[in-house]
Amino acid sequence: MLDSLISAFTLIFSGEHFLFLLFGVVMGIFIGILPGMGGIVGFSILMPFIYGMDPVSALAMLIGLIAVIPTSDTFASVLMGIPGSSASQATVLDGFALAKQGQAARALSAAFSASLFGGLFGACVLTLIVVIAKPIILFFGSSELFMLGILGISMVGVLSGDSFVKGFLACGIGLLLGTMGSAPATGEWRLTFGSYYLFDGLKVVTIGLAAFAIPEICDLLRKNKTIATKDEPIGKGWLKGLMDTLREKWIVIRCAGIGTLVGILPGLGGSVVDWIAYGHVVQTSKDKSNFGKGDIRGVIAPESANNAKEGGGLVPTILFGIPGSGSMAVFLGGLTLLGIEPGPALIEEDLQFTYVMVWSLALANVIGAGMCFAISSKVAKITTIPYGVLAPFMIMIICFAAFQVTRSIYDLYILIVLGAFCTLMKSYNWPRPALLIGFVLSDTLETYLYQAVQIYDWNFLTRTSVITIFVIILISVFLGMRTKKEKTVTHSVKVSDLFKLNLETVFLGIIYIFFGMTVYDSFKHNFLGGVFPGAISLIMFIVMTYTLFFNQKWLSKALNSSYSLEDTKDMFYAFSWIIFLVVLVSLFGFIIGIVILFFAVMKNKTEMPLIKILTITTGGVALMLLLSHFMVLDFPSGLLQEYAQLPWPLK
Amino acid sequence: MFKKFLAIVAALMMSMTSSFAVDFSGKTVTWLIPFGAGGGSDKWARYYAPMLSKALPGNPTVVVQNCPGGSGTKCSNQFAQIKGGDGLTIFGDSGSSKFPFLLDDKRVQYNPTKWPVVLSSATGGGAYVTSKTGYKTSADFKKLQGKKLKYGSQGATSLDLIALLAFDMLGLQVDAVMGYKGRGPARVAFERGEMTIDYQTSSAYFKVIQTLVKDGKAVPLFAWGILDESGNIVRDPTFPNLPSFVEYYESVHGKKPKGPAWSTWKTFFASGFNGQKMVYLPEGTSADIVKTYADAFAKVVASDEFKKTSSKRLGKYPQATGKAAVAAQKAAFTIDAESKAWIKNHLTKNYGVKF
């Protein structure tokens with residue numbers, strides 16, 4: 001084992017292998033910075049070049065790419081409040097709050113150092129465990145994975161902000177949104193409203209953009225200032241962030257461990273890892289008051305976990321040839337293109353290849369973190385750009401990212417609908433993380449529950465492993481409850497207040513109708529296809545009915561926002577810019593759409609001379625064209641393109 | 001004399017234009033794959049793409065483009081919109097996007113029988129049970145018959161339809177546990193002991209299952225087999241030591257399979273394994289472009305590079321071109337009304353599938 005480790009190390013530094021590793025790292029950093037794009041996009045771009053490449057170079061390049069995405073995706077999460085990839089959604093909560101306080105440098109520095117440690121931790125675990133990991137993976141079957149899903153859901157308790165009722169209902173919405181599309185047990189299509197687009201269900205990238213990016217943009221557009229509102233110099237805080245990570249070393253180690261474990265277990269998926277780490281750190285912290293408002297621990301935890309995940313994720317990929325996440329599925333395809341067959345034989349005969357991956361992972365993390373540090377003082381200046389200039393860029397990038405989900409114009413329509421809903425959630429203090437957790441765990445819970453019952457009957461609940469995880473859940477919930485304080489209700493709400501027509505009661509009505517509709521939809525399906533969404537929506541419907549009409553205390557908590565009508569109007573005025581772009585795009589296509597958007601926003605929000613507006617617009621369009629050219633990605637086209645043959649890039 | 005000269009020139013020009021009619025130099029051929037990057041169809045196309053580029057006149061760049069969604073129906077619908085193509089867009093499908101057509105899935109707005117086919121790749125697989133059943137050879141079949149067996153499945157209308165129907169015809173009591181995201185996770189569930197019967201495609205079978213068989217954890221039942229030229233199912237040369245499904249059926253039931261279940265099974269087998277992956281040109285593509293592609297694929301399959309690498313990449317399976325590919329296409333999409341009604345009823349009754 002040791003000689004393969006050493007010979008793999010020398011192999012990476014011989015010939016052009018290292019150059020390919022560097023290329024992969026640079027590419028990965030770039031893709032990570034782009035919001036909403038992660039390993040799947042990166043691998044898909046490299047896939048055509050892999051066939052016929054020398055395996056060591058190709059492995060170094062692919063691993064280099066995947067290793068640094070969770071490092072560099074922090075930029076978008078911290079600086080703009082847009083999840084850089086689906087594995088860094090949780091970073092947005094505290095990272096962006098810190099950036100708004102002018103502490104972007106500190107947050108980034110803490111994030112990169114935590115990422116570095118997490119990545120190296122994952123690589124170490126991969127080295128040691130890959131030879132003996134088979135029993136671990138075989139230990140976690142459907143019943144254990146189901147319980148781990150429940151453990152994840154139990155995090156909702158601490159992530160539900162000031163009101164548990166809201167968190168509970170928001171999680172229910174997430175769970176039900178996750179059941180859209182084909183049912184795992186019967187293949188029936190649920191909640192599709194007859195639209196073929198919804199047959200494939202919603203994707204986590206769309207939900208992430210809608211839940212975090214859109215409400216933030218609206219908020220910032222409304223205030224029309226720079227992101228960082230305090231006049232602290234950006235350059236300061238690097239050392240502080242580093243010290244934060246060192247001080248919270250136990251959090252880093254624990255979360256790196258969580259990240260690796262989630263990675264190793266195929267079937268939980270990569271996008272839940274940041275939430276589990278975040279939930280864990282909130283649960284185990286004595287002072288929770290600052291989470292979500294700029295607690296550095298809320299940045300360190302998800303960042304150490306999501307880098308560690310990649311090392312863990314390689315374990316099942318190499319050992320069993322089954323991918324732990326979407327990007328690993330593509331990586332697996334890449335391996336076979338290289339003539340490397342994953343499976344036990346790869347460990348027994350070609351251990352060297354595995355260790356090439358280990359070293360690439362470790363080196364990439366070091367190089368990647370170094371590069372991110374190096375460029376970040378420049379990139380952090382984004383937070384000092386006036387929002388009137390930054391906003392059109394952000395709206396453009398978000399729509400472009402959302403469109404890449406299935407490359408259909410409906411991606412944008414869904415983004416708008418969910419974005420509007422989540423903007424309301426933000427306004428009325430509904431916890432969006434709870435919705436996200438429900439969504440990412442929905443399929444896991446339903447599939448494994450059904451499989452566990454099918455395989456072991458309900459006796460699966462008496463398995464030792466299941467009971468063990470259940471005890472862990474109880475402990476973690478207990479730890480979380482110990483110090484959690486519910487916000488005291490300042491004003492009391494009566495049932496009759498529900499019938500005063502304002503946007504908040506309409507919002508509650510929408511949720512209520514959604515639950516009711518899902519109950520109805522579930523009855524149209526076979527028992528196995530309908531029982532999961534049916535049960536969830538029924539519980540939610542009953543709890544909500546009770547809250548609205550029978551328990552005044554709960555109602556006061558659910559309907560307690562101090563959001564005035566004036567604020568709401570402003571919010572929707574800001575939101576209309578996004579609608580504006582989507583309408584333009586569906587009429588004239590993407591490029592013409594963004595040109596008009598840039599002009600309109602800057603004319604409206606800034607007092608810049610026309611020539612400057614023109615320059616910035618040209619820059620924005622050029623950025624998009626370069627992106628789509630090098631990444632072979634399409635733009636949405638509109639009605640105009642259907643009727644007229646237009647030259648590139650308007651087609 | 002002059003007239004004769006003109007005639008010769010004209011004839012020469014004619015022959016020149018026809019032999020140079022199809023030339024792709026400097027062009028890019030887009031090969032659409034209706035599934036995600038890294039999947040089986042993607043790997044298959046990426047294996048062929050560089051060789052196809054060499055074999056086509058003018059050596060165009062061949063790029064594989066993934067357009068996943070709706071179990072392959074989304075991209076198939078898009079491809080069906082192209083009428084009379086210029087030969088610069090080709091389409092590769094798979095068994096799992098053929099089944100929705102055969103089963104009248106409401107998302108299907110395409111008719112693959114209208115697409116000129118230029119390549120048809122077969123594949124195969126082997127079925128096995130856990131050794132805990134006590135089963136050792138086909139003589140022990142009785143030991144399996146009374147048992148409740150569990151099979152991890154991707155869905156009743158996926159490629160698993162073939163396996164589940166085969167087990168059913170043999171008279172085995174197999175519980176299909178749905179929701180597995182592929183054959184790989186189902187195999188791991190088998191290794192954990194949660195599943196007791198399974199099948200894997202050839203490459204996975206040789207990679208993993210052979211070791212399980214050697215270690216005494218799994219016992220092989222049969223390999224599906226391949227279709228010979230007259231449409232009979234014969235032993236799969238990749239699994240020379242395993243009986244074909246038909247042989248196995250005969251050895252345990254003492255007679256050849258027949259009836260509606262059997263004719264349905266054969267159609268789906270032809271679609272899901274024998275002609276699992278096919279390459280098409282758009283409807284209405286001119287005959288000379290189709291011929292250019294057919295020739296190019298024939299050239300690829302006959303090349304030394306292909307002969308050297310294909311058995312490792314694709315297994316020893318027929319890669320039909322020309323008339324053989326057309327025959328495979330016909331076999332894959334011909335389903336009589338009776339079989340169709342039978343299978344729909346079967347799926348509804350046993351798996352609650354609604355049509």
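Biologist: Why does the radius of gyration of chain B agree with a compact globule?

Modeller: Because a compact globule of 355 residues would have a radius of gyration near 20 Å, the 23 Å of chain B agrees with it. The radius is taken over C-alpha atoms, and the globule rule is 2.2 Å times the number of residues to the power 0.38. This is a predicted model, in which local features need pLDDT of at least 70 and side-chain atom pairs count only at pLDDT 80 or more, while totals for chains, interfaces and linings use all residues. Residues are numbered from 1 along each chain as its sequence is written, chains are lettered from A in the order in which they are written, and side-chain values use heavy atoms, without hydrogens and water.

Biologist: What box do the C-alpha atoms of chain B fill?

Modeller: Along the principal axes, the box is roughly 90 × 45 × 35 Å.

Biologist: And how many helices and strands are in chain B?

Modeller: Chain B has 14 helices and 13 strands, defined as DSSP runs (H or I, at least four residues, for helices; E, at least two, for strands) numbered from the N terminus.

Biologist: What percentage of chain B counts as buried?

Modeller: Of its 355 residues, 57% are buried, meaning under 20% relative accessible area with a 1.4 Å probe, protein chains only.

Biologist: Turning to the interface, how many residues of chain A are in contact with chain B?

Modeller: In chain A, 41 residues are in contact with 34 residues of chain B; contact means heavy atoms within 4.5 Å.

How values were computed: Buried < 20%, exposed > 50% of the residue type's maximum accessible area, 1.4 Å probe, protein only.
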